[in-house]
Amino acid sequence: MKILHIINDLGSGGTEKNLISFVKNDKKNQHIICCSSNNKFYDTKGLKIFYTPKKFNYLYFFNNFFFIKKIIKREKPKILSLWMYRTCLISAFIKLFFRLKIVWNIRNGGDLNYFKLHNKIEYYLICLFSYIIPNLTIFNSYSSLKNHTKNGYSKSKNFVVQNGYVLNKKLAKISKSETFKICMIARFNYFKKHRLLIKSLSSIRKKIKFKLLLIGKNIDYKNKSLIELINKYQLENNTKLCGEVQDITRLLKTVDLHVLVSSNESFP
């Protein structure tokens with residue numbers, strides 16, 4: 001069976017990682033990906049990918065729609081699999097032209113308390129269209145499913161398929177360094193709560209010898225807001241900004257503790 005996946009881009013997020021993992025490990029079906037070339041991070045060698053000429057934003061909404069329409073006519077997929085709210089909304093127009101089975105992949109925690117205005121508009125549109133567009137919705141956690149249905153999402157044709165874990169016994173190795181190493185893997189975003197982590201660790205900086213490794217998109221020395229935050233709490237000597245890291249497993253082997261203080265996650 002041929003499946004066409006549509007996603008904003010293939011940046012360093014968890015949703016993108018799980019899509020790539022699924023496509024690479026499913027040998028029974030033929031997979032095609034359509035996304036923007038704006039942000040590429042993961043290894044896509046051997047995958048069939050079409051890159052849209054424009055970014056996946058609302059300014060170029062119809063440009064991307066017509067591009068996807070051409071791909072569907074050419075490739076003739078049986079299933080259209082959409083990832084993230086923005087691409088799910090495109091399927092409302094696709095359904096007018098094609099009789100395809102449409103699957104939505106919802107990877108957001110769905111707690112409206114942490115949404116900005118434009119995100120809330122997307123959210124409510126998704127909830128409205130959930131009754132008429134998707135043949136099936138896949139959530140990656142029960143908490144996400146609960147939050148979405150509580151806020152108006154259709155209660156039928158929903159399934160939970162958790163991300164799962166790749167277990168590696170070699171990973172469970174505590175570093176022998178005298179300095180206690182802590183890391184957080186999260187892009188720089190207001191609900192990832194970097195301020196909370198840094199402020200909390202500042203209270204123990206004179207009691208414990210530790211090193212904080214921050215990893216993720218926009219977590220680098222060009223980020224003035226983050227630098228100011230670190231300096232404010234006097235953690236400049238304790239903190240290392242690593243940016244986006246390809247081999248997370250290798251890095252995790254060097255740390256003692258991984259922390260996630262995010263206020264809104266679907267499958268942390």
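Two strands are taken to pair if DSSP finds at least two bridges between them. Strands (E, at least two residues) and helices (H or I, at least four) are DSSP runs, numbered from the N terminus. This is a predicted model, in which local features need pLDDT of at least 70, side-chain atom pairs count only at pLDDT 80 or more, and totals for chains, interfaces and linings use all residues. Residues are numbered from 1 along each chain as its sequence is written, and side-chain values use heavy atoms, with hydrogens and water left out.

Strand β1 (residues 2-6) pairs with strand β2 (residues 30-36) in the parallel sense, over five bridges. Within this pair, His5 stands opposite Ile33 of β2. Both strands belong to an open sheet of seven strands, ordered β3-β2-β1-β4-β5-β6-β7, with parallel pairing. Its edge strands, β3 (48-52) and β7 (158-160), each pair on one side only. From one strand to the next the twist averages 20 degrees; angles run from 0 to 180 degrees between N-to-C directions, and axes are lines fitted to C-alpha atoms, for helices over the stretch in contact.

Helix α1 (residues 14-25) lies across β1, β2 and β4 (79-83) and runs at about 155 degrees to β2. Contact here means heavy atoms within 4.5 Å.

Next comes a pair of helices. Two packed helices are described by the angle between their axes and the distance between the axes. For α3 (residues 85-94) and α4 (residues 117-129) the angle is about 40 degrees and the axes are 10 Å apart. That makes α3 oblique to α4, since angles under 35 degrees count as roughly parallel, over 145 as roughly antiparallel, 65 to 115 as roughly perpendicular and the rest as oblique. The crossing of α3 and α4 is left-handed, meaning that the near helix is turned anticlockwise from the far one by less than a right angle. On the α3 side the contact is made by Tyr85, Arg86, Cys88, Leu89 and Ala92, and on the α4 side by Glu122, Tyr123, Leu125, Ile126 and Phe129. By class, this contact has eight nonpolar, no polar and two charged residues; Ala, Val, Leu, Ile, Met, Phe, Trp, Tyr, Cys and Pro count as nonpolar, Asp, Glu, Lys and Arg as charged, and the others, Gly among them, as polar.

Another open sheet has four strands in the order β10-β9-β8-β11, with parallel pairing. At its edges, β10 (239-243) and β11 (257-258) each pair on one side only. Strands β8 (residues 180-185) and β9 (residues 210-215) run parallel and are joined by six bridges. Here Ile182 has Leu212 of β9 as its bridge partner. Helix α6 (residues 194-202) lies across β8 and β9, at about 175 degrees to β9.
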